[in-house]
Amino acid sequence: MATNGPTVRPVWFLWEDEAFWWLTGPWAHLNDLLEDDPRAVLVVDTCDLATGEVLQVTARGRIEIRPYDRARAIRKLRRYLGPDISAWDATFDPDAMAEAKFGRLAPTKLSARDLSFKPSADGRSG
């Protein structure tokens, strides 16, 4: 995700209710940046070097900060940490995120691109 500045950061996201959602809070400078300019771009891509498949989605819009939602946090974190909450590192305890909030980007412009390539015969891309 990129905001004005420019500031670029990776995010673990959840696509839900036609918006991208991610956790944020006082540990991030996002709120300060959004006061000046809430516009952002988020890029999601996949790359399979064995097949050469490269897919990319770019979302543009304005970020809103929303209250923490435990159920949404669990749905998002399961995508990255697996279904067993008891196995997650304490950093991701959904009941201990008192200061967390959600960033929400409902795209005003959404584009998808196929950037796939033909891999070389030896399996290397270059």
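Relative accessible area was used to class residues as buried (under 20%), exposed (over 50%) or partly exposed (in between), with a 1.4 Å probe and protein chains only. The structure is a predicted model, in which local features need pLDDT of at least 70 and side-chain atom pairs count only at pLDDT 80 or more, while totals for chains, interfaces and linings use all residues. Residues are numbered from 1 along each chain as its sequence is written, and side-chain values use heavy atoms, with hydrogens and water left out.

T46 belongs to strand β5 (residues 39-48); strands (E, at least two residues) and helices (H or I, at least four) are DSSP runs numbered from the N terminus. Apart from neighbours within four places in sequence, T46 contacts E53, V54 and L55, contact being defined as heavy atoms within 4.5 Å. The C-alpha atoms of T46 and D114 lie 9.9 Å apart in space, although 68 residues separate the two in sequence.

Y68 and F102 form a stacked pair, because their planes are at 15° with ring centres 6.3 Å apart. This pair links distant parts of the chain, 34 residues apart: Y68 lies in the loop between β6 (53-67) and α2 (70-81), and F102 in strand β7 (residues 101-105). Y68 is partly exposed at 23% relative accessibility, whereas F102 is buried at 0%. A single aromatic cluster comprises W12, Y80 and F92.

Charges over rings were also identified (NZ of Lys or CZ of Arg within 6 Å of the ring centre and within 35 degrees of the ring normal). The charged end of R72 sits over the ring of W21, at 3.6 Å from the ring centre. For R79, the charged end sits over the ring of F13, with a distance of 4.7 Å to the centre.

L110, located in strand β8 (residues 109-114), is partly exposed, with a relative accessible area of 49%.

How values were computed
Phe/Tyr/Trp six-rings, centres within 6.5 Å; stacked < 30°, edge-to-face > 60°.
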